[in-house]
Amino acid sequence: MMKTMSAYTFEIDDVAVAVSEILDQLDVEHTLCAHSVGLMTCYDEFIETGVTKALSDALPFDIIGCSTMASASAGELGEMMLCLTVFTSDEVLFSAGVSQSLTEIQDAPLIAAYQGARKILPGEPAMMLMCGPTISQLGGELLVEKLDAITGGIPLFGTLASDYRMDYNRTYTIFNGQSSNDTLSFVLVYGPIQPSFFVATIPGEKVQTQKAIITKAEGNILMEINDMPVQVYLEHLGLIDAWVATASFPFLIDYNDGTKPVLRSIYTLTPEGYAVCGGRMPVGTTLMVGDIDCADVMYTTGETVKQILQVPEPSCILMFSCLTRYLVLEADPTAELEQVRSSIHDTVYQFCYSGGEICPVYTENGRLVNRFHNCTLIVCVL
């Protein structure tokens, strides 16, 4: 059995007050079991003023986390907010770790970090909860691919750091109060848990029925669709005039392996007419063009919340939503947060906006396959 607790603060400047608010809400002297770990998401100024470090120093367990542009937890929501979820159990074990610099997503730091955390567990972990750095346009996908191989394919769930400035210069991961813009912080979870995963993209009617094949690509650079340059293909669909270099017109990629398609943002078009996308664009996969707006965000979030509330006796709900979904809300940027707050009442939850979403998807026979996502709401119910 595992239980969870949540706490929050809006106090950025007064470190002592912020720490006191969190400690009062958690009451750790009377609530912790034998094994505990924390997940923290926060506005980046909490890191700069020293609140995250002071909290880590005051709490008797490891804490991983990252910066985000907005959060929700414990019935509260906001941009300039810090949220902390604590997992505690007598049966479930937690082993936290942090990598060395991942400037180029190298294998060696990831292997060393994983093996260092894994060796203290008595068996294979049930999953990895992770907060990754926002390094490059393909960094998140490479991170997932490498960790999938290193861990033997255990479920990976997490987010890349984000911030409200959109230039990623002040996005941070957190490990025990120390922050970095190029390291991975993570927790291996071992024991009798049964996580359920949910992925929300866009409604089916917002995806064009015309399907195509990726015929030329290198990494996240999409060069040709149906043997046509990408720009020519978009012109053929009548989209190029409406397309304004935003992720509101994402590509939907079907790997043709029995898993649901994943979304890929289009960051920009190159002078050659190629599309720079938010993840790998494998040659031979099926491509469709979608559209996402405020109504789509609200509808998909609402439908997903209905599904997750059907999970029996959940201990905690973790929700990471792409910052693109936040941006398309425009005049009502907290609408998705408000919808979650108004729908989840009796279960601990933590919601934050993501610079890239990491969540397994289910094959037709129920097998889990780790995937990196764009423009997506991902959920893990523990």
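This report describes selected features of a predicted model, from one of its sheets to individual residues.

The model contains an open sheet of 6 strands with mixed pairing, arranged in the order S1-S6-S2-S3-S10-S11. Strand S1 (2-9) and strand S11 (178-180) form its edges, and each of them pairs on one side only. On average, neighbouring strands of this sheet are turned by 20° against each other, direction ignored. Strands of a sheet pair through backbone hydrogen bonds, either parallel or antiparallel.

Helix H4 (residues 51-58) has Val 51, Thr 52, Leu 55 and Ser 56 as buried residues. Viewed down the axis of H4, these residues fall within an arc of 135°, and therefore line one face of the helix. An α-helix has 3.6 residues a turn, so residues three or four places apart point the same way. The elements that cover the buried residues of H4 include H1, strand S2 (35-42), helix H3 (45-48), strand S3 (62-67), S6 and S10.

A further helix, H2 (residues 28-31), holds His 30. His 30 counts as exposed, with 63% relative accessibility. The side chain of His 30 makes a polar contact of 2.9 Å with the side chain of Asp 27.

**Strand S24 and its partners**

Strand S24 (residues 357-362) is mostly covered, with 5 of its 6 residues buried. S24 pairs with strand S9 (residues 156-160) in the antiparallel sense over 2 bridges; here Thr 159 has Glu 357 as its bridge partner in S24. S24 also pairs with S25, again in the antiparallel sense, over 6 bridges. In this second pairing Tyr 362 stands opposite Leu 368 of S25. S24 and S25 form a hairpin with 5 residues between them, and Gly 366 in the turn has a positive phi of about 90°.

Ser 354 is located in strand S23 (residues 348-354). The side chain of Ser 354 reaches that of Glu 357 through a polar contact of 3.1 Å. With residues up to four places away in sequence not counted, Ser 354 touches Thr 159, Leu 160, Ser 162, Phe 320, Ser 321, Cys 322 and Leu 323. Ser 354 has 0% relative accessibility, and so counts as buried.

**Cysteines and disulfides**

What does a search of the whole structure find in the way of disulfides? The search finds 0. Cys 375 is in no disulfide, and the nearest cysteine sulfur, that of Cys 322, is 4.9 Å away. The sulfur of Cys 380 has its closest cysteine sulfur in Cys 359, at 7.3 Å, which is too far for a bond. A disulfide requires the two sulfur atoms to lie within 2.5 Å.

Most residues other than glycine have a negative phi, and most peptide bonds are trans. Asn 226 has a positive phi, near 55°, and is placed in the loop between strand S15 (221-225) and strand S16 (228-229). Cys 375 likewise has a positive phi, near 55°, and lies in the loop between strand S25 (368-373) and strand S26 (377-381).

**Accessibility of the individual residues**

The table collects the accessibility of residues discussed above.

| Residue | Relative accessibility | Class |
|---|---|---|
| Ser 354 | 0% | Ser 354: buried |
| Cys 375 | 0% | Cys 375: buried |
| Cys 380 | 0% | Cys 380: buried |
| Asn 226 | 32% | Asn 226: partly exposed |
| His 30 | 63% | His 30: exposed |

Why does Cys 375 count as buried? Its relative accessibility is 0%, and buried means under 20%. Cys 380 is also buried, with a relative accessible area of 0%. Asn 226, with a relative accessible area of 32%, is partly exposed.

Methods. Residues are numbered from 1 along each chain as its sequence is written. This is a predicted model: local features need pLDDT of at least 70, side-chain atom pairs count only at pLDDT 80 or more; totals for chains, interfaces and linings use all residues. Side-chain values use heavy atoms; hydrogens and water are left out. Buried means under 20% relative accessible area, exposed over 50%, partly exposed in between (1.4 Å probe, protein chains only). Two strands pair if DSSP finds at least two bridges between them. Helices (H or I, at least four residues) and strands (E, at least two) are DSSP runs, numbered from the N terminus. Axes are lines fitted to C-alpha atoms, for helices over the stretch in contact, and angles run from 0 to 180 degrees between N-to-C directions. The arc is that of the directions from the helix axis to the C-beta atoms. Contact means heavy atoms within 4.5 Å. A polar contact is a pair of N or O atoms within 3.5 Å; within protein, one must be able to donate a hydrogen and the other to accept it, and residues adjacent in sequence count only if both atoms are side-chain atoms.
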